[in-house]
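Visitor: I have a structure to go through before I set anything up. Can you walk me through it?
Guide: Go ahead and ask.

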Amino acid sequence: MSMLISAISLLSFLLLCSVTCSVGKKIHHCALSCGNLQNISYPFGIVGYPSNCGDPSYLFECENNKTVLRLFAGKYYVQEINRSNKTIRLVDADLQQGNCSSLPLSPFTNDNFIYYSYHSYQLPASSVKITYMKCENSVDSTLFVQTHPCVDGVYSNNKKHSYSYVVFGDLEFLEIPNLCRVDLAVTVSSIKCHDKNCSYLDVFKGLLNGFELSWSEMYCKECKSNNNNFMPIMYSYSEIRKMTRGFKDKLGEGGYGSVYKGKLASGRIVAVKLLGKSKSKGQDFINEVGTIGRIHHINVVQLVGFCAERSKRALVYEFMCNGSLEKYIFSRQQDVTLSYEKIYEISLDIARGIEYFHRGCEMQILHFDIKPHNILLDENFTAKVSDFGLAKLYPPGHSSVSLQNPRGTKGYMAPELFYGNIGPISYKADVYSFGMLLMEMAGRRKNSNDAADHPSQIYFPSWVYDQLSDGKEIEIEYATEEEKKLIKKMMIVSLWSIQMKPGERPSMNKIVEMLEGEVESLQMPRKHLLPPPKLS
């Protein structure tokens, strides 16, 4: 019961405090155009243009000089971007000007959003829902507008003539006449009727005018509240069982519990982490919901929902089909290796994700467990930071946090977590963990390896420092000259990040700049490295 109360309190807290910030990359306010649409600029971009010209959640396509948005398996032409009220106006691509028999074949109503705790777009409340119906008998009601002569219904099984109608607004089940069926439901911004009773031509003009979607454009420097758009959904345990088909498809297992593949009613594939008994009495669960439940960023795994029913606890995440980074940087199997260029791109993804939750508007987040296992990869090998069970929130402006006990994973934990005289515990602890991870990505090996070919290579970062300081090249098999530059850049950034004293480590914002810049502009830090302490 206490877990349920804590979860409900947590939901209330999230409702009051959820915020988002558009950060992650250097934003270039590019002026793009496609056909007649001239004002395509941030947050919008066009697929195929530089990725920093638009937010990945707001990308259009330019197809035959028409601006296209693909959404919920539908294709829509973007007619207008209205920045004064932050809306875009869309028209179904199947509609044909001057042909009122053409139909909008992509259903689009508020029902499309029902399974999303957050979506990049929302339908304004003023939108008008239009339902297409076919009936075997004529319907005598002013609510039903005949589509004849534009659209006639013919049942394909017996060629029997049917009556086709459209109905405005939400339609209750009991309001559907006998021998009638719903064919399609779509949305328009408004319908303007020429006389008291609307005709289908009025409806068709409304369809050609399209419908509006609103977007949320928020910058960290503005720090505006965003109400409930990022609220994770609270599921019952029976719903968890149903979406996992009785926990049939197991993806993995760890000290925290097990992870199963699941499917929401919307068809969306998810990963369900079923938590086992914890010594922390559920505090890791509260931590995870309380931190990741506030975040929406392309490089942070999205928490879709959670379950807190008696002793049953589960977390529902977006599904990351390529698993964790761990198997790609340490495996010697050819079928699971990534190019050095892709490894570099993944390192930038991770840095941007960490920089995002460090920067936080109302609350900053310290992760405390950055490591390969907690970096997940989606179908495009975009990296996302996961597992916030050890995370800690603290207000902006606070330079340090207090911890009763060290937290993290051996080999990635900052020295100040063990030695109080080194410096205060702050976001620089995550910087250190990222630096250790970055070195392992660059070298495709563990930083500490007792079985190394040479004793000097047992602690890899120290060996790399000596090699680079002496002007020697790091030998990398099968790497091109450009890839060697990327790896060298990653190694130098790593060495800055794992400096012994927190004050000598750069911020994640600076690290992103260093990784994006040229390797020739980077200087070597002083050798203030400390091998990770041995844990008993």
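Visitor: Start with Asn178. Where is Asn178 found?
Guide: This is a predicted model. In it, Asn178 sits in the loop between β12 (161-168) and β13 (180-188).

Visitor: Is Asn178 buried or exposed?
Guide: Exposed, because its relative accessibility is 71% and the cut-off for exposed is over 50%.

Visitor: How far is Asn178 from Glu136, going by C-alpha atoms?
Guide: The two C-alpha atoms are separated by 8.6 Å, while the residues are 42 apart along the chain.

Visitor: Switching to charges. How many salt bridges does a search of the whole structure find?
Guide: The count is 18.

Visitor: Pick one inside a helix. What does Glu345 pair with?
Guide: Glu345 forms a salt bridge with Lys342, and the closest N and O atoms are 3.0 Å apart.

Visitor: How are those two placed in helix α6?
Guide: They are three residues apart in α6 (residues 340-359), so about one helical turn separates them. As a general point, an α-helix has 3.6 residues a turn, so residues three or four places apart point the same way.

Visitor: And what are the relative accessible areas of Glu345 and Lys342?
Guide: Glu345 has 33% and is partly exposed. Lys342 is also partly exposed, with 23%.

Visitor: Which residues do salt bridges with shared partners join into one network?
Guide: Glu61, Glu63, Arg70 and Lys75.

Visitor: Give me the distances for Arg70. How does it meet Glu61, and how does it meet Glu63?
Guide: With Glu61, the side chain of Arg70 makes a salt bridge at 3.1 Å, N to O. With Glu63, the salt bridge is at 2.9 Å, again N to O.

Visitor: What about accessibility for Arg70, Glu61 and Glu63?
Guide: Arg70 is partly exposed, with a relative accessible area of 43%. Glu61 is partly exposed at 28%, and Glu63 is partly exposed at 23%.

Visitor: Now the positive surface patch. Which residues form it?
Guide: Arg245, Lys248, Lys261 and Lys263.

Visitor: Where is Lys248, and is it buried or exposed?
Guide: Lys248 is in the loop between α3 (237-243) and β16 (250-254). Its relative accessibility is 61%, so it counts as exposed.

Visitor: Is Phe247 buried or exposed?
Guide: Phe247 is buried, with a relative accessible area of 15%, whereas Lys248 is exposed.

Visitor: I also want the backbone around α7. What takes a positive phi just after it?
Guide: Arg444, at about 50°. Arg444 lies in the loop between α7 and α8 (460-469), and at 11% relative accessibility it counts as buried.

Visitor: How many residues of α7 are buried?
Guide: 15 of the 16, so the helix is largely enclosed by the rest of the structure.

Visitor: What span should α7 have, and what are its end C-alpha atoms doing?
Guide: At 1.5 Å a residue, the 16 residues of α7 (residues 428-443) should span 22 Å; the end C-alpha atoms are 23 Å apart, which agrees.

Visitor: Then α2. How many of its residues are buried, and which ones?
Guide: Seven of the ten residues of α2 (residues 200-209) are buried, so it is largely enclosed by the rest of the structure. The buried residues are Tyr200, Asp202, Val203, Phe204, Gly206, Leu207 and Leu208.

Visitor: What follows α2?
Guide: Gly210, with a positive phi near 90°.

Visitor: Last topic, cis peptide bonds. Which residues does the one with omega of about 15° join?
Guide: Tyr42 and Pro43. Pro43 is in the loop between β2 (37-40) and β3 (45-46).

Visitor: And which does the one with omega of about 5° join?
Guide: His148 and Pro149. Pro149 is in the loop between β10 (144-146) and β11 (153-154).

Technical notes:
Residues are numbered from 1 along each chain as its sequence is written. This is a predicted model: local features need pLDDT of at least 70, side-chain atom pairs count only at pLDDT 80 or more; totals for chains, interfaces and linings use all residues. Side-chain values use heavy atoms; hydrogens and water are left out. Patches are made of residues with over 30% relative accessible area and no salt bridge: like charges are joined within 9 Å, nonpolar side chains (Val, Leu, Ile, Met, Phe, Trp, Tyr) within 5 Å. Accessible areas come from the Shrake-Rupley method with a 1.4 Å probe; for residues, only the protein chains shown count as cover. A salt bridge is a side-chain nitrogen of Lys or Arg within 4 Å of a carboxyl oxygen of Asp or Glu. Lys and Arg count as positive and Asp and Glu as negative; His and the chain ends are not counted. The place of a charge is taken as NZ of Lys, CZ of Arg, CG of Asp or CD of Glu. Helices (H or I, at least four residues) and strands (E, at least two) are DSSP runs, numbered from the N terminus. Buried means under 20% relative accessible area, exposed over 50%, partly exposed in between (1.4 Å probe, protein chains only). The expected span of a helix is 1.5 Å times one less than its number of residues.
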